[in-house]
Amino acid sequence: MKILIVDDNPMNREIAREMLAMAGVETVEAEDGGQALSALDNGDFDCVLMDLRMPSMDGLEATVRVRARTDEQADVPIVIVTADGGGHVRTTCCSAGADEVVFKPLSMDALFDAIGRAAVARGRA
Amino acid sequence: MGPVMRPALRRAALSISAVLIVAAPAATFAAEFAEAESSTAAPEDAFEARIQAAKTEMMSDPQGALSEADGALALAGPGAAGDVRSATASWLRAEALTRMNRPSEALPVAEAALETARTRKPGSKLHGDLLMTVSTLRGVQGHAQEALAGFHQAHDIFRKLGEARSQAKALQSIGSIYNDARDFQRTLKYYDEAAAVYAGDPVMSLSAHNNRANALKEMGRYEEAEARYKLALADARKIDSPLLIVRILTNIASAQYLKGDLDLAERTARQALALAQGPAQEWRPYIWGVLAQIALKRGDPGRAEQYLRRTFQGQDLNRTTLMFRDFHLVARDVYEALGEPAMALAHLKAFVRLDDEARDASASVNSALMAARFDYNNQRLQISELKAERLAKDVQLSKTRQQFAVGAVAALALMLAIVLWAYFSVRRNRNAVRKVNAELTTTNVALERALAARSQLLATTSHEIRTPLNGILGMTEILLRDRALTDDVRNKLQVVKSSGVTLQALVDDILDVAKIETGEIKVWKAETDLRALLGEVGDLWSEVAREKGVAFNVELAECPATAITDARRLRQIVFNLVSNAVKFTDAGAIVVRASTAVAADGPRLRIAVVDTGPGVPESEQERVFEAFHQVDGQTTRKHGGTGLGLAICRDLARALGGVVTLESRVGEGATFTVDVPLEQPETVPAGAVAVGSADAAPVVLDILLVEPNPLTVSLIKAAFGDDARRLERVDSVAAAAETLAARPFDAVVAGPGAGADPVEWTALAEVRPETVFVRVADGEAAGAPFDHTLARGAVKTLPAMLRAEREQGTPRTRSTPASGRATFDSSVVSEAS
């Protein structure tokens with residue numbers, strides 16, 4: 001399995017990378033929305049973990065742009081990973097096209113369950 | 001003789017709802033002219049004439065008022081008196097600029113004038129008025145704490161001067177800040193107080209009705225809001241201001257739309273549109289916004305788009321103000337429906353920007369207010385005693401004042417005489433009142449300082465603390481999953497994890513206090529594994545308890561397996577209760593016991609946390625649930641904590657529909673019990689479906705998943721979705737054997753990582769032969785006796801397949817292994833169901 005981790009904070013990327021490594025998942029990292037889109041150009045990912053607050057292009061815009069693509073990656077399962085709290089985060093993210101939302105601090109179970117549900121929702125299980 | 005009274009309006013750019021208006025009368029200048037302390041005696045004075053003119057024109061023609069004020073400024077003259085006159089003129093310039101929607105120019109003017117007033121004429125009405133102006137502008141900028149402090153100061157000045165109307169205005173302004181923080185109880189309280197202080201004229205009455213209606217609308221009480229708006233409308237008609245009438249009609253239309261009565265809402269909106277001519281036409285964009293909402297709700301995005309184009313005409317989407325927030329969301333939906341993703345995205349971004357700003361503002365206002373309550377508790381008694389004294393005298397003053405104000409409107413000469421008389425009458429009471437007021441002021445200033453200091457701390461909490469917490473908890477979890485750890489290292493890591501989780505809980509609790517106070521807590525119910533939840537909380541604390549020498553047990557014998565509830569909130573409650581128990585118990589045992597009970601209103605879930613700590617005296621048992629209360633200061637210093645935990649527990653339990661109760665005696669420990677309604681998912685007992693019955697209930701399956709890779713587990717779990725009633729997971733075939741011996745399952749699913757040693761699997765199959773054995777494999781799997789082999793992507797077909805098999809009573813045959821082992825045939829195995 002190959003997962004794209006998008007977060008401007010290297011520590012957060014490391015946490016996600018290490019957690020996924022325990023499940024034998026190959027990971028690629030991006031620092032902002034722009035890099036994420038480029039990565040999707042060059043690779044075939046099974047899931048994208050997307051942070052919300054990033055410089056230059058934030059998670060919300062990146063999600064909308066991914067869904068607007070015309071290639072197969074337009075359909076990639078997207079899990080938003082954010083430290084922002086509150087019910088409105090879920091609605092905003094899902095309305096932008098994300099599949100699931102998990103909150104930091106991350107727990108491995110919550111992260112994996114979200115990835116699982118997102119993958120199934122997009123028919124990629 | 002007296003200038004015509006016209007209403008004035010203040011835009012509340014900080015309001016949450018797009019069509020929310022706070023029509024607080026920032027100045028009814030005619031009346032103020034009557035009550036104001038005159039800076040010069042002779043009305044022929046050129047300066048004074050300009051000032052009067054500016055005041056008169058302020059409501060109807062702010063542009064004109066601005067030039068009058070500019071002219072007055074030029075005539076201010078030298079010296080100290082000149083400085084004060086300049087300040088007065090500058091105040092009017094700032095008010096005019098504000099009404100012309102140029103707040104960034106208005107603010108420096110007002111601030112400079114405030115400085116003059118503060119130094120030259122502290123405690124004067126001019127000082128108070130300038131505080132009001134500056135605070136309003138600061139509020140518009142988003143500096144809620146400073147605005148609040150300023151309004152309080154202005155309020156105190158007006159109260160000392162006996163300026164009841166201005167005092168009421170200040171109270172209304174404070175109320176609007178609480179409105180922005182979505183603390184509607186306090187909002188209404190301050191508006192009520194304002195009405196109690198001064199109920200003089202239609203403008204105040206209109207403002208009071210309108211603001212109450214706004215708060216009611218935010219609380220979802222649309223019928224009541226509509227009724228209140230209509231009262232405000234009656235006042236607006238009395239005052240005969242087209243712009244005010246149009247604004248309130250728009251509010252009414254919005255409330256009707258929210259109520260769901262689209263026809264009525266559209267009629268009202270069109271009524272407003274018809275009246276929105278001349279000075280009132282600046283409100284048309286917002287009316288079109290409401291019409292767009294209605295059109296979209298009716299399923300006509302094309303028409304909605306036409307309205308929205310007018311709403312947003314000339315607006316830079318990156319710079320729209322808060323009034324447009326909800327309209328951006330409508331626009332997003334409209335453009336999405338019309339297939340214009342670029343526009344939809346632009347509006348979504350604008351919505352998010354404004355929503356974030358509003359929430360940040362709300363959060364920072366909340367933290368400011370919460371900070372005030374931190375210190376406020378300690379000073380509450382002192383203040384209330386002082387207040388009682390002061391209030392008695394104030395009522396006296398205020399009554400006298402009111403009578404005079406009514407007379408003052410009638411005739412100028414009579415006004416002057418009455419004002420003089422009032423002045424001398426006030427002086428008699430003044431000395432007694434002064435002392436009490438002085439003490440109150442000191443307290444209030446201290447409050448304001450604490451406000452400012454604490455609010456900074458709390459405002460940055462959420463995002464900033466959660467990020468390093470992600471590092472702590474994330475890495476600790478990763479480390480704990482290393483099987484090679486020694487028990488010693490594992491235990492130590494568990495302590496680190498407990499501390500991290502406690503910190504997270506503390507952060508959540510602090511922010512939840514604000515949310516609970518403003519009614520923002522949302523409960524999200526889903527099927528929850530109660531045993532796992534309680535087990536997790538237990539795991540977190542058992543090590544810490546053990547280190548203290550306290551036994552720790554979680555008793556789940558009577559605990560239902562699943563319930564429909566908000567897992568996060570329930571965990572928070574139990575976590576807080578256990579945290580308290582561990583904190584206060586130094587010896588003995590702590591037990592977490594889950595059970596069910598049947599009460600008059602249905603089944604209940606009860607989780608009791610029993611400890612052998614010092615207990616809580618009966619006199620304190622109600623008060624322990626109060627926010628920030630601790631049984632005694634000593635314990636806090638020894639044990640730490642904010643005193644928030646139990647208050648949160650009770651509020652959260654209430655949100656879940658239940659209560660938290662306490663049973664305790666001093667020296668005999670304490671038992672805290674969470675008691676919530678028990679909702680259980682609808683279950684079908686295993687094997688209950690009769691073969692071939694026409695009304696068969698959908699089969700839900702019990703699955704045993706054998707797979708070490710946690711992500712694969714999640715994927716398979718998600719693929720089963722609702723079809724799996726119970727899904728247990730083990731790491732290896734050996735562990736599966738134990739589990740399968742203990743409990744029956746419909747199917748055992750072997751993931752790709754489970755290994756496929758035919759010997760092991762054959763042995764497992766013998767444990768419970770009627771179970772279906774499925775292998776999920778990425779490639780060819782030779783050997784073991786599986787009933788089915790599926791590729792990963794086909795796991796979703798499994799539930800249907802299993803259901804079909806059960807219904808048809810397909811005999812169990814297993815594929816012939818390539819190695820030539822014996823095949824199983826169901827006729828050989830006795831069915832032991």
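Two exercises on a predicted model follow, each with a worked solution.

Local features require pLDDT of at least 70 and side-chain atom pairs pLDDT 80 or more, while totals for chains, interfaces and linings use all residues. Residues are numbered from 1 along each chain as its sequence is written, chains are lettered from A in the order in which they are written, and side-chain values use heavy atoms, without hydrogens and water.

**Exercise 1.** Determine how α22(B) and α24(B) are oriented towards each other.

*Solution.*
1. In chain B, helix α22 spans residues 567-584 and helix α24 spans residues 645-655. Helices are DSSP runs (H or I, at least four residues), and strands are DSSP runs (E, at least two).
2. The two helices pack at an angle of about 150°, and their axes are 9 Å apart.
3. Angles over 145 degrees count as roughly antiparallel; α22(B) and α24(B) are therefore roughly antiparallel.
4. Contact means heavy atoms within 4.5 Å. The residues of α22(B) that meet α24(B) include Ile573(B) and Leu577(B), and their counterparts in α24(B) include Ile648(B) and Leu652(B).

**Exercise 2.** Describe the architecture and burial of chain A.

*Solution.*
1. Chain A has 5 helices and 5 strands.
2. Along the sequence, these elements follow the pattern β-α-β-α-β-α-β-α-β-α.
3. Of the 125 residues of chain A, 58% are buried (under 20% relative accessible area, 1.4 Å probe, protein chains only).
4. Among contacts in chain A with a separation of 6 or more, 61% come from residues 24 or more positions apart.

Terms used. Axes fitted to C-alpha atoms, helices over the stretch in contact; angles between N-to-C directions. Parallel < 35°, antiparallel > 145°, perpendicular 65-115°, else oblique. Buried < 20%, exposed > 50% of the residue type's maximum accessible area, 1.4 Å probe, protein only.
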